[in-house]
Amino acid sequence: MIKAYSSKAASDTSHGLIKKLTLPYMQKKIRRLILLLFRYALIICISYMILYPLLQMLSTSFKHPYDIGSLSSIWIPENITFDNIRIAAIVLNYEKSLLYTFVCTFFVMLLQMFNAAFAGYAFARLKLKGGRLLFGLVLLTIIVPPTSMMLPQYVFFRNFDLFGIFKAITGSKLNLLGKPSSLYLLAALGQGLNAGLFVYIFRQFFRGLPRELEEAAYVDGAGYLRIFFRIVLPSSKPAFLTVGVLSFVWNWNDSYFPRLFNPTDQYLRIRMNTLSAASGGTSNVQLAIGNAISRIPPDIVRLTSQPYDALILTCCSLLIILPLIILFLIIQKHFIEGVERSGIVG
Amino acid sequence: MNRIGGRGIKGWYYRLELSRKTRLWGLIFLIPWLTGFLVFFLKPLVETIYYSFNNVKIIEGGVSTEYVKWNNYIRAFTVDTMFNRLILTMISKTLPQVLIVIIFSLLAAILINGKYPGRSIARTIFFIPIIMGTSIASASLVGNDIISQEIMASTGMNTFGTRLILDVLANTGLPTEIVGYVSGAVSGIFQILAISGVPTLIFLAGLQSIPPSLYEVANIEGASAYEAFWKITLPMVSPMVLVCAVYSIIDAFFRHTIMVDGTNYGIVNYMYSIAFNQANYGLSAAMTVVYMLVSIIVVSVVSFLISKVVFYYD
């Protein structure tokens, strides 16, 4: 019996060996290898395209102004200098503007997130009369461009009043233009940047949550608000993370809403737009440098050529997206997992 | 009356049926959004349509209007030199771009969805455009256009191999339109990368929701990876194609810009400057109405066409 067993095993291995040497097997193996190589090639190509502008920006920012246009170095600058970054920070009024932009964007993000969560929960779980129609209206807000409401919203914020209360107290209507509260109000009532999309994401997410948990809580005597805050919120961290990150980043990069309702230079994007805008005669960058001349240390090299202005603008862009890069490095792992688990469009 | 809960508002609430209670709370949860919708969406929308038939002036405490029939629309299409061009190029440039964005983002989503060594690094890099959005593209435009062009002009070098691709294509005997289109797409690759962030995200979520059992069955039945893609992956993500197409069209319309005589005109910027720099609010309102109608029509047509081929699993 032992003999029979061993002979069977031997025949098995020899058979396996022969199978490995046959043509179809080899073909399959080679095809798989080629596919793998192709995949890596594609990934590397796309990664290069994604990283190219970023690396280009980095390498340009540290270039010495005298080296502009020199071909002796492509990626790593010959003379590394921080002068450009320092000039850009002064021109942007970086520390103050950064704080201001961060606070504004953060509050807008919070308000947008909670408004969208409430609305999404109502659409997903609480059976409204005409809920489908109302959700159609959400889709309409996604499709209709915000420019269509530009002028009436502007007039509204210029003459803001709640049922005549402010006029009765102060004698004139409130002018909310130029104050961050106009953006907060817009976000809190769910009509800021891409707000419809956030409602959509939350609705899809809440529909995918198991209903049993909420029902159990209801049977145990919890009210709807308590269910929402104690049970739904803790189990929907991925959706909150996704929406929060998208909202923060989009609002950070947006210049349409701030320019319309709160056009102060303290917004980094607005400042950047002013700097890069075309103007006759002297460039805006040179004007800004001239205005801040007292704060620029004398040992920094400055030029007055057009390529130098472009260099400073590149440094400004780098400074503006630097917080986003840091944010990305901190949260990217959670964010990717969150996106996968939230199943945005389920 | 020995009913539970007593009288007053509390008792009234207590005696409600469950379905009515749910509805009531649904309304309460929706109130912030609904208020915003009425105050910041519906009312302004109606007002904009009204303004577009009027001469509008901003005065202390509101606006003054003067009815001028279709004059604003006639002016937008016949007198204004830029608006026609902006709308036409917006449609003709955006639709092919959206096609590329969808193909590219589906490819990117499939690439980061698979399992292979080095996957986490690839993922991190592929998520950069999602997080950074267009800020990179705009930065690279600032960086590249002026500095690099100057260098390249002085040395005769050319951008990123575009020239090589053009030469090859031109010698293959393809029609010039196709060659021009491909070269345009290659030079706009950073733009495409920047706007394909959200579609990639949507496709990734869609790919994650495909039940793995489908692939297992296909594998047992002897389907190749190629067949599995066309017969499983594509039908299963086809609803996401619809979502992505709608999102990308809206996004691309919003960002649309053209270069005329070295100046960059963006459609949104243009309407903004007509309203707030030239104080011609009525004309701007007419333009925004046209822009809105064009967006809605294009989106409806595209989603109608796509919904013909979309496959819904459940």
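Modeller: Over all chains, the count comes to 46 aromatic pairs. Rings of Phe, Tyr and Trp (its six-membered ring) pair if their centres lie within 6.5 Å; planes under 30 degrees apart are stacked, over 60 edge-to-face, and the rest tilted. This is a predicted model, in which local features need pLDDT of at least 70 and side-chain atom pairs count only at pLDDT 80 or more, while totals for chains, interfaces and linings use all residues. Residues are numbered from 1 along each chain as its sequence is written, chains are lettered from A in the order in which they are written, and side-chain values use heavy atoms, without hydrogens and water.

Colleague: How is a pair described, and at what angle do the planes of F118(A) and F229(A) lie?

Modeller: A pair of aromatic rings is described by the distance of the centres and the angle of the planes. F118(A) and F229(A) are edge-to-face, with 6.1 Å between centres and 80 degrees between planes. Because F118(A) belongs to helix α4 and F229(A) to helix α11 of chain A, the pair ties together parts 111 residues apart in sequence. (Helices are DSSP runs of H or I, at least four residues, numbered from the N terminus.)

Colleague: Which aromatic pair does F123(A) form with W33(B)?

Modeller: The pair is edge-to-face, at 6.0 Å and 80 degrees. F123(A) is in helix α4 of chain A and W33(B) in helix α2 of chain B, so two chains are joined. W33(B) is buried (under 20% relative accessible area), at 1%.

Terms used
Buried means under 20% relative accessible area, exposed over 50%, partly exposed in between (1.4 Å probe, protein chains only).
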